[in-house]
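Trainee: Could you walk me through a structure today? I would like to go slowly and ask things along the way.

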Amino acid sequence: MSTSDDVIYDCAIIGGGVAGLTLAVQLAQSGRRVVLFEKETYPFHRVCGEYISMENYDFLCRIGVPLAEMELPRMTRFTVSSPSGVALHHSLDIGGLGITRYVLDELLARLAARHGATILEGTRVTDVVFADDQFSLTTANGGTYRARLACGAWGKHANLDSKLERPFVEASRKERQFVAVKRHLEGVDFPEAMVEMHNFKDGYCGLSPVLGGLTNCSYISDVRNLRAHGNSIAEMERQVLMQNPLLRPYLEAAHRQATPPIVISQITFRERSTVDAHVLMLGDAAGTIAPLAGNGMSMGMNASFLLHGLLLEFLEGRISRTELEQHYTRTWRGLLSLRITAGRLFHQVFGMPWLTTTGIQVLKRLPFMTNVLLKLTHGRAY
Ligand SMILES: Cc1cc2nc3c(=O)[nH]c(=O)nc-3n(C[C@H](O)[C@H](O)[C@H](O)COP(=O)(O)OP(=O)(O)OC[C@H]3O[C@@H](n4cnc5c(N)ncnc54)[C@H](O)[C@@H]3O)c2cc1C
């Protein structure tokens with residue numbers, strides 16, 4: 001069945017995670033004709049630690065997310081431990097809120113629609129082509145759509161990365177590959193206002209409270225851990241993750257639960273470009289920050305804020321397409337690339353048993369260094 005329409009949209013957004021959705025909300029609020037394609041149907045669960053740094057608070061409230069009314073858990077302290085259980089406790093000056101993506105993404109999608117955005121759920125984009133100064137998009141259900149601008153917010157990896165021959169795809173094949181797992185734990189005794197980050201060999205696991213009295217338990221592990229245990233998540237958890245005595249009780253609780261975890265694979269942290277084939281990338285599609293930084297969502301929303309202003313300048317004829325692309329790339333790098341690099345460095349250290357243990361012992365004596373490291377992965381309110 002064809003689902004094409006005759007409208008030429010101001011902007012087509014591919015991917016409805018936090019990056020794409022917040023961009024759709026802002027463009028719709030500015031009175032622009034925007035269409036967003038999401039291959040899944042809201043609400044749905046996805047792998048994410050669901051910790052939203054407070055730097056996004058003002059922005060989210062401004063675009064209409066009623067955070068103040070939602071009674072979300074607020075995190076102000078953290079604990080990090082080495083694979084053997086040596087722990088550092090510290091305050092989280094910036095702090096964050098815990099909200100499930102199941103709730104947040106649907107809320108943003110409905111908000112965008114209420115402001116006039118066209119949200120096409122269950123619609124996978126299979127191709128995007130730039131010709132004659134506009135984009136043509138094709139969807140898996142046979143639709144074709146046209147737009148003056150196209151933004152790629154399709155996350156860590158998608159069919160379109162290969163279709164657009166993005167350079168990072170080939171380079172990533174030689175990189176370390178990771179697998180990520182997420183669960184919501186019910187009824188565990190988790191300390192209030194706390195984020196915990198527990199290392200294990202070649203990976204780390206984050207825990208924090210989220211809306212609804214649940215505890216989010218998400219981790220990332222080198223795929224070799226999984227392969228070494230017959231591709232069994234439960235067995236890998238027993239043999240590798242549960243060697244950390246501080247993590248063990250949570251995973252024991254997880255194994256008693258009936259709901260299976262959500263798992264994603266083929267994660268790499270290779271540098272990406274912000275523009276490919278004139279498509280402007282944002283969120284994880286532009287650059288994936290290591291999860292331990294707890295800030296991938298912030299980076300996606302920050303990029304949407306930056307991009308919204310520039311897209312309006314283009315649509316109002318104040319800058320050319322070339323200027324838009326150059327300006328976006330420059331500003332994005334200035335704003336976000338240090339955080340990605342810092343996250344990547346920490347990511348390499350985390351999961352190395354002796355280095356993590358030594359690092360934690362050093363930081364216990366130098367609390368100001370912990371603040372410096374935390375600031376490297378966080379940004380300012382915008
Ligand atoms: C284990 C783990 C823990 C994390 N914890 C945190 C945390 O606590 N805090 C934090 O801020 N960040 C965290 N992150 C990072 C965070 O989840 C991501 O940075 C964030 O989800 C990126 O948002 P996005 O909008 O760019 O992409 P996504 O949220 O991945 O959304 C992309 C969307 O595009 C859709 N899509 C893909 N291809 C197509 C297509 N062809 N057509 C239509 N739709 C398509 C997908 O279905 C998806 O819904 C974590 C990540 C991991 C792996």
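**Salt bridges and beyond**

Mentor: The structure holds 20 salt bridges, a salt bridge being a side-chain nitrogen of Lys or Arg within 4 Å of a carboxyl oxygen of Asp or Glu. Please keep in mind that this is a predicted model, in which local features need pLDDT of at least 70 and side-chain atom pairs count only at pLDDT 80 or more, while totals for chains, interfaces and linings use all residues. Residues are numbered from 1 along each chain as its sequence is written, and side-chain values use heavy atoms, with hydrogens and water left out.

Trainee: OK, which residue does E50 pair with in a salt bridge?

Mentor: E50 pairs with K182, and their side chains meet at 2.5 Å, N to O. E50 lies in the loop between β2 (34-37) and β3 (51-53), whereas K182 sits in strand β10 (residues 178-185), so this pair ties together parts that are 132 residues apart in sequence. Helices (H or I, at least four residues) and strands (E, at least two) are DSSP runs, numbered from the N terminus.

Trainee: And are E50 and K182 buried or exposed?

Mentor: Both E50 and K182 are buried, where buried means under 20% relative accessible area, exposed means over 50%, and partly exposed is in between, with a 1.4 Å probe and protein chains only.

Trainee: What about E106, which residue does it bridge to?

Mentor: E106 forms a salt bridge with R110, and the closest N and O atoms are 3.4 Å apart. The two residues are four apart in helix α3 (residues 101-114), so about one helical turn separates E106 from R110. E106 is partly exposed, with a relative accessible area of 25%, and R110 is also partly exposed, at 33%.

Trainee: Which residues do shared partners join into one network?

Mentor: Salt bridges that share partners link R176, K201, D202, D222 and R224 into one network.

Trainee: Switching to helices, how far does α9 reach?

Mentor: Helix α9 (residues 296-315) has 20 residues and reaches 28 Å from its first C-alpha to its last, which is close to the 28 Å expected at 1.5 Å a residue; the expected span is 1.5 Å times one less than the number of residues. Of the 20 residues of α9, 16 are buried, so the helix is largely enclosed by the rest of the structure. After α9 comes G317, whose phi is positive, near 75 degrees.

Trainee: Then where is T329, and what does it touch?

Mentor: T329 is in helix α10 (residues 321-349), and at 17% relative accessibility it counts as buried. Leaving aside neighbours within four places in sequence, T329 is in contact (heavy atoms within 4.5 Å) with T274 and V275.

Trainee: Which polar partners does the side chain of T329 have?

Mentor: The side chain of T329 makes a polar contact with the side chain of T274 at 3.0 Å, and a polar atom of the T329 side chain lies 2.8 Å from the backbone oxygen of E325. A polar contact is a pair of N or O atoms within 3.5 Å; within protein, one must be able to donate a hydrogen and the other to accept it, and residues adjacent in sequence count only if both atoms are side-chain atoms.

Trainee: Last one: how far apart are the C-alpha atoms of T329 and A286?

Mentor: They are separated by 9.8 Å, with T329 and A286 being 43 residues apart along the chain.
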